[in-house]
Amino acid sequence: SLWWVPFVQLSWSWLMPDVQVSVRKVKGRVHEEIHPSRRGLREEIVRRIVVSDVFGLARVAFQIREKRDVRFVPSMGALKSMHVVRSMSGGSDITHPDGPQDGERMDMRNYNPGDPIRFVLWKVFARSRQLVVRTPERALSPVRQTVAYLVSGDGDEPAAGAARVAVDTGALGSEWVLGSDGSHENARSKTAAIELLARSAEATTDDGGEGLARFLRTAVPGSNGRAVVFVPGRPGPWLPKVVAAARARATQGRSSPVEFIVCTDGVQPEPRKRRFRSFLERRENASAPGGGVPRSDELAQVVDALASARARVLIVDRRAGRCFDGAYRQAVVNAAATASLAKSAGGTR
């Protein structure tokens, strides 16, 4: 507070990490409010302090370093919940804890020596002269473990926010594993998942999608395991790596292919203005690291590439809190035509 020094102005900004600083006065003292533009973990804060007179005749600027652990987690936006469909596996609907995971005898197969005679379908034998016995069907219930992965790249802040929503709301089930680019360790608890999502901002653009293939080989539980991948809505170097990993899993005969959740903070319509003006708007839109709003053609390119790997694609708008499923092409068109989805993304909280 410089209330005792007349004609003096004080302002400051953060040089590291990248945040927007707004100043407010409360009872004669100045307080700062920060709005981070990207998630991350930092060990120090670097501020630039500017002291000047009200006439603009003199100004002094200097830097101050503060050793302090700072954690910026991705914003959840307007997303309140996220439904992740779970696959089916051997269930627990049985009559005794020590009994087999079998249901009622509804299926049929040919008679084998040693099968009980009381299970033979004699009416079928009378018509076809073949011995057929009743066999128990396999009990099915939702699988308890789902694995999820966050792909880093340009415009990955909405994907990180959607992954946080899935973890906080329990959409991944009671047992889950979360991995991300830039980290060789996986998370199995909410606390570890928040740290993992914040640390994923350290991954470079070339690292996007690099660890997905290894994650699918080691973390997916069995042939019925569910794999959900959160990806940005803007294409980048990560896209061919992710598509190759999804195709490799599909060719292995797994019953549950990879499911992709394409996350955005809205969709811009394709530019129809003059070239120079459109170029300036694209540069301004991509200025924020990890942010920005993709164009409808960019989002369609991502969705088409992922769908070519025989994967289910879900489009999630973090800012509007809406999900687009089914006809993804029509979802892209509807998102581009909605005025509320064309606004730029809000800052990370």
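This is a predicted model: local features need pLDDT of at least 70, side-chain atom pairs count only at pLDDT 80 or more; totals for chains, interfaces and linings use all residues.
Side-chain values rest on heavy atoms, leaving out hydrogens and water.

Strand β14 (residues 312–317) is joined to β15 by 3 bridges, and the two run antiparallel. Helices (H or I, at least four residues) and strands (E, at least two) are DSSP runs, numbered from the N terminus; two strands pair if DSSP finds at least two bridges between them. The open sheet has 6 strands in the order β11-β10-β12-β13-β14-β15, with mixed pairing. At its edges are β11 (175–180) and β15 (322–324), each pairing on one side only. From one strand to the next, the twist averages 20°.

Helix α2 (residues 157–168) packs on this sheet, touching β10 (145–150), β11, β12 (226–232) and β13 (259–264), where contact means heavy atoms within 4.5 Å. The direction of α2 makes about 145° with that of β12; angles run from 0 to 180 degrees between N-to-C directions, and axes are lines fitted to C-alpha atoms, for helices over the stretch in contact. Helix α7 (residues 296–307) lies across β12, β13 and β14, running at about 175° to β13.

Turning to a helix pair, α4 (residues 212–219) and α5 (residues 238–250) pack at an angle of about 30°, with axes 8 Å apart. The contact involves L212, A213 and L216 of α4 together with V242, A245 and R249 of α5.

Conventions: Residues are numbered from 1 along each chain as its sequence is written.
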